[in-house]
Amino acid sequence: MRLSEGKIGQEYFVKDISLDMPVKRRLEILGMTGNSRVVVLGSKKSGTKIIKVRGTRFALGAEFANGIEVEASDKKEEGGR
Amino acid sequence: MSTEINVAFAGNPNCGKTTLFNAYTGANLKVANWPGVTVEKKEGAMSYHNQKYKLIDLPGTYSLTSYTMEERLARQYILDDEVDVIIDIADASSLERNLYLTLQLIELGKPVVLALNMMDIVEERGMEIDLHRLPEMLGVPVVPVCARKRTGLNILMHAVAHHHDKAFDRFEHHHQSGEHEHSHHDEYAMVYSDEIEDKIDKISELLETKYPDIKNSRWHAIKILEADREICERYPLNLAGIADRSFEEEIISQRYDFIEEIVSEVLVNRDKKSHSTDKADRIITHPIWGGPIFLGIMALVFFLTFTVGDWLKGYFETALEWFSLAAVEFLTKVNAGGILTSLLVDGVIAGVGGVLTFLPNIFILFLALAVLEDSGYMSRVAYVMDGIMSKIGLSGRAFIPMLLGFGCTVPAVMASRALENNQDRLRTIMVTPFMSCSARLPVYVLLSQMFFAQNAMLAAYSMYVIGVVVAIVVAKLLSAFSKKHEVNTLLIELPEYKSPNLRNIRIYVWEKIRDYLTKAGTTIFVASIILWALLNFGTSGKVDDMSQSFAAGIGKLLVPAMTPAGLGYWQIIVALISGIAAKEVVVSSMSVLYGIGNIASDAGMSSLAAVLSASGFGAANAYSMMIFCLLYVPCVATIATIHRETRSGRWTLFAVAVQLAAAWIVSTAFFTVASIF
């Protein structure tokens, strides 16, 4: 599934990023490397997300979130809405 | 030791770097630009134990790639040998991400001292960091500090003083799992996989043979393996058989693997407590409540800036009036002569003083913005407003300058600094002046009361709507013409909420005020004199009758051009030209040009209306003039601010041209349609 479809409070593993190279690199540098964990903290209808990667929160536009392939982990973050 | 030690401050955005830098230097700093670019460069000086230090605040970056201007600047500055020690500021509460930059800084080969900031948050959350193991694993001194509470500052400088000429320690890696030992790498903290290390070795050798002067060939070799554009262009090599593709993904991944190893060893009790920021964000960035909360906060900022600010501004204006009268009295006493008196009083004092009266608004506005920025709220605005703004090709944060534009264009354009992307900033600066500022209101009031009687309110209100519509159209056009295909590029860190730091706010506000004062003293000073000369001089020298002035001559020249817009009257054109000094001036110029005293009174208005109607200037002309006033160049102060903010004469000219074109096109279109009926 894509990160843009992610549910609030759910943890995901990053599987693949299919975005322009500079954007992909930027995301990797921010910690979104293969198999890294991402928790969705906030979400808008458009697919724009607030996520937490390696302890840092980011707001991520819908188009970016849509280019990130993820897989749900079985962990639900405590305190999810 | 007598020579200065250069200390560079490096760190991620939002790591508290500026707070720490401010804690050392105070307001005692030089703000300039990095050569050739619009990225701010801050420098400060201090001494510690009789040793002088020059402190340089590098741009906040997450990494040292060549993808962004800031990163290229930071790494080039460090490589260029001007730096003796790097203080790497890391947000200890977000160690995992912050260490990524640390590893790269260490790879640059300069002495690094790691300052672990925000240790208070770490403790608050019940986490602990092993301050013994961390320096062991990184090979650099680690000093815990709290920039906000100003603790640990002395120890940090002590570490800098003792470390600035130290060589690296040797490492005993225990994360070796490769087939062959890279024992010659035990001076490096970060050792990559055997495959990568072999390639680094080969490329280093090639580099050293082909470019014997190269310093730190290992770093350059890593960059070449990452296919870093800048480095690959500067040091072209034949890499056939060594690296036929970019290994950046593997390198990034391995760095994070090492970081995970560090974090698992040094961080105890990670994330025991639920973060208060997450709780606050649940409300503040709520899909439904986020918008209203933001509008409420902006309403408060607006109220403070323009209601409280205008109240203070009244006192400034009274003081200015008094000063200007005193100046006339003084100049008469010393027999300064009519021209000099007029120049000083009508030109300089009226022009510069008029701009200075905005100081209370600017002060309050930036105080409020500084609080929003420092508390961490500003980044949330980008998220909350992203949906609406991206529809017109602007970033979510552009909403703030545009909203402020309803108050005054000058601080609004200055507020565009909150936008991190240069392209977004320029576009925001282009559209902000179309928001109808408060100075344009007197023009609407005068014209609509004269020509629209009971519909006056509606006529004035419609100006605000037209302004917004034009802004949207221009924003759309600008993004349609921009070369790149723009996707929704929202990618921004949402830092922890914190209570604002007084020292940071004081320095932030003072910088803005100083900027504004400098501008009033230079650009506006010159512009005021030019406008004064145009309005007071003619071919026969100083003229008392404005109809003989150069401005009137220009006005008469422009009559044909303005006739399609229903504004082909030289007096109106001169009034509009004088309005470039400040929009309110349009009203006072009209009263002078048509020889009508107390123009704002009922009697004054009806006699002006009579004069205008007699010359064929009716309701359609009046509405067209209101549109023109709404859209054309707001004022000299705005032009000067746009120039200061874009630092480009071309963009400033473009902005002025767009404004004039928009004003002419829309008012002409309106007048043409209105003339049919």
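This is a conversation about how the parts of a predicted model meet.

Visitor: What should I know about the model before we start?
Guide: The model is predicted, so local features need pLDDT of at least 70 and side-chain atom pairs count only at pLDDT 80 or more, while totals for chains, interfaces and linings use all residues. Residues are numbered from 1 along each chain as its sequence is written, chains are lettered from A and ligands numbered from 1 in the order in which they are written, and side-chain values use heavy atoms, with hydrogens and water left out.

Visitor: How many residues does each chain bring to the contact between A and B?
Guide: Chain A brings 32 residues and chain B brings 39 residues, where contact means heavy atoms within 4.5 Å.

Visitor: And what area is buried there?
Guide: About 3,200 Å² is buried between chain A and chain B, with carbon and sulfur atoms giving 56% of that area; buried area is the accessible area (1.4 Å probe) that two parts lose on being put together, summed over both.

Visitor: How many salt bridges are there between the two chains?
Guide: There are seven salt bridges between chain A and chain B, each being a side-chain nitrogen of Lys or Arg within 4 Å of a carboxyl oxygen of Asp or Glu. Glu496(B) and Arg57(A) form a salt bridge, with their closest N and O atoms 3.3 Å apart.

Visitor: Which parts of chain A touch chain B?
Guide: Helix 1 (21–29), strand 2 (37–43), strand 3 (49–53), strand 4 (56–60) and helix 2 (62–66) of chain A each supply at least two residues, and helix 1 of chain A gives the most, with seven residues. Helices (H or I, at least four residues) and strands (E, at least two) are DSSP runs, numbered from the N terminus.

Visitor: Which strand of chain B is joined to strand 4 of chain A?
Guide: Strand 10 (residues 491–493) of chain B runs antiparallel to strand 4 of chain A, and three bridges join them; two strands pair if DSSP finds at least two bridges between them. Ala59(A) stands opposite Ile492(B) in strand 10 of chain B.

Visitor: New topic: what domains does chain B have?
Guide: The assignment gives domain 1 (5–163), domain 2 (292–436 + 485–519) and domain 3 (521–676) of chain B, with bounds that come from an automatic or database domain assignment.

Visitor: How do domains 1 and 2 of chain B meet?
Guide: In chain B, 19 residues of domain 1 are in contact with 16 residues of domain 2, and the two domains bury about 1,400 Å² between them, 38% of it on carbon and sulfur atoms. Four salt bridges are found across that interface.
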